[in-house]
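Here are my notes for your read-through. Please keep the structure open as you go.

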Amino acid sequence: MSKIAVIGTGYVGLTTSIGLASLGHEVIGYDLDPAKVEMLQAGKLPIHEPGLGEILIAGIKSGNLQSTSDLSEAVADADFVFTCVPTPQDDDGSADLSYVISASVAMKDLLKPGAIVVTKSTVPVGSAQVVENAIGRSDIEVASNPEFLREGAAVHDFKHPDRIVVGARSTEISQKVMDLYSQIDCPKLLTSQETAELIKYASNSFLAIKLSYVNDVAVLSEAVGADPFEVLQGMGLDTRIGNRFLEPGPGWGGSCFPKDTKALESIAKSFGVDLPLITAAIASNEISHKRVADRLAKALGGSLNGKTIAVLGLTFKANTDDTRESPAIAVIEHLIKGGGEVVAYDPMVSSYDLAGLTVAPSPVAAANGADALVVLTEWSEFSEIDCAEMLAAMTGSVVIDTRNVLNKSLWQSAGATFPSSETKRVV
Ligand code: UGA
């Protein structure tokens, strides 16, 4: 078993440190925020991630997991140092490497000879070289081990990944990193640093393109009077297409897809390569947010002005408390821009700072006096909501369910009107 330090205890760092400790490694997580470290030492998670709290406590009890805000304590003894710091989007769309660089500079004199620094953060092609330069020590190796965890399913994805990718200058180094995951049974890929870095961006961007296409197909289906869900189900039965990641929605979002698609565009540009598909997928996604607001305006007689709109869901998807780049928020911004007042309910969000948006404590409180209801996040509990009670609280009856979570026929029999976006053939 190895001694591992994990730098950064955000979504990625927490799951990595707690997951590696659950495999029996001696892990010490570092964060510069002492309040966060204190919470973790007390066995409390600063984020909502199903199943992670249990293995955090098990890690602390077994003695395999510690947390510190002292960098030298974290890295001095470590054979491997995982860097899990943010790589936010820069003004030009590229990934900002400043946290990765400052972490590398801060640890360079603290690392023990022979340590391997492993980048988990999503970093552009060529970043391994940047880290090597920032550390500037010939006795330290640098590897790339991109993470493919989904928020809300991170524990499952850590234990049962589709694949693990490690890139380094030599197979010997990448194998050492891969050996940390010896108990995990899945395809394992040893690659160059550049290949590992690009696999991450190319995967996320492919998924984003897939979803933009899914959303476009859903809109076309409704326009021609076809059932979008049946169309997509029929497509997904082709094993070359596959039935996963085929759910239409109000657009894709979260802390990864919007940032990574823009970063891939920027990487391609810097190498003089055009990627028109990814550019189109980003544009299609932005249109999809506005489309929901336009559809509602049409259903409400042509305008949202002065209307009260109840919204179910604020997080970027279900089973997370994360509202970063949430498509729900993007849609709400369009609703407010159109003159609407929004009252939203989300099981994990109790407040959100946006003029025109109020967060209600329950679905019925959100529905109270509303002209329409829009479902924007696929929380499964929304399928259990009492539709009669909701419709009785509302003044209007229009319902748009962008995530297909409501039982449509039940809601219809209780008096809901689901507007059809069926349109007339223009030529
Ligand atoms: C994504 C990738 O799926 C992970 O593999 C990757 O590790 C992660 O980014 C990352 O780079 O860290 P995540 O951002 O947690 O994971 O979210 P997803 O589950 O991929 O969902 C992204 C967006 O697509 C959400 O807004 C979600 O609602 C939407 N989506 C997803 C759909 O609209 N339909 C679907 O069928 C699936």
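1. Asn404 counts as partly exposed because its relative accessibility is 40%. Buried means under 20% relative accessible area, exposed means over 50%, and partly exposed is in between (1.4 Å probe, protein chains only). Asn404 sits in the loop between β13 (398-401) and α16 (408-413). Its phi is near 55 degrees, a positive value in a residue other than glycine. Helices (H or I, at least four residues) and strands (E, at least two) are DSSP runs, numbered from the N terminus.

2. A word on the model. It is predicted: local features need pLDDT of at least 70, side-chain atom pairs count only at pLDDT 80 or more, and totals for chains, interfaces and linings use all residues. Residues are numbered from 1 along each chain as its sequence is written, and side-chain values use heavy atoms, with hydrogens and water left out.

3. Glu325 also has a positive phi, about 50 degrees, although it is not a glycine. Look for Glu325 in the loop between β9 (308-312) and α13 (327-337). Glu325 counts as exposed, because its relative accessibility is 54%.

4. What surrounds the ligand? The shell has 19 residues, each with a heavy atom within 4 Å of the ligand. The closest are Glu147, Leu149, Glu151, Lys200 and Asn204. By type, the shell divides into nine nonpolar, two polar and eight charged residues. Here Ala, Val, Leu, Ile, Met, Phe, Trp, Tyr, Cys and Pro count as nonpolar, Asp, Glu, Lys and Arg as charged, and the others, Gly among them, as polar.

5. An N or O atom in the side chain of Lys317 is 2.8 Å from a ligand oxygen. A polar backbone atom of Phe148 is 2.9 Å from a ligand oxygen. For Leu246, a backbone N or O atom lies 3.3 Å from an oxygen of the ligand. The protein covers 92% of the 710 Å² of accessible area that the ligand has on its own. Areas come from the Shrake-Rupley method with a 1.4 Å probe; for residues, only the protein chains shown count as cover. Two or more shell residues come from each of α9 (193-224) and α11. Helix α9 gives the most, with three residues.

6. Next, the salt bridges. The structure holds 15. The criterion is a side-chain nitrogen of Lys or Arg within 4 Å of a carboxyl oxygen of Asp or Glu. Arg169 and Glu132 meet in one of them (2.7 Å, N to O). This pair links distant parts of the chain, 37 residues apart: Arg169 is in the loop between β7 (164-167) and α8 (171-178), and Glu132 is in helix α6 (residues 127-135). Arg169 is partly exposed at 49% relative accessibility, whereas Glu132 is buried at 17%.

7. Asp157 pairs with Arg150 (2.7 Å, N to O). Is Asp157 buried or exposed? Asp157 is buried, with a relative accessible area of 8%. Arg150 is partly exposed at 33%. Salt bridges that share partners also join Glu151, Asp322 and Arg324 into one network.

8. Finally, Lys61. This residue lies in helix α3 (residues 52-62). Lys61 counts as exposed because its relative accessibility is 72%. Lys61 and Gly43 are 18 residues apart in sequence and 9.4 Å apart in space, C-alpha to C-alpha.

How values were computed
Polar contact = N/O pair within 3.5 Å; in protein donor to acceptor, adjacent residues only side chain to side chain.
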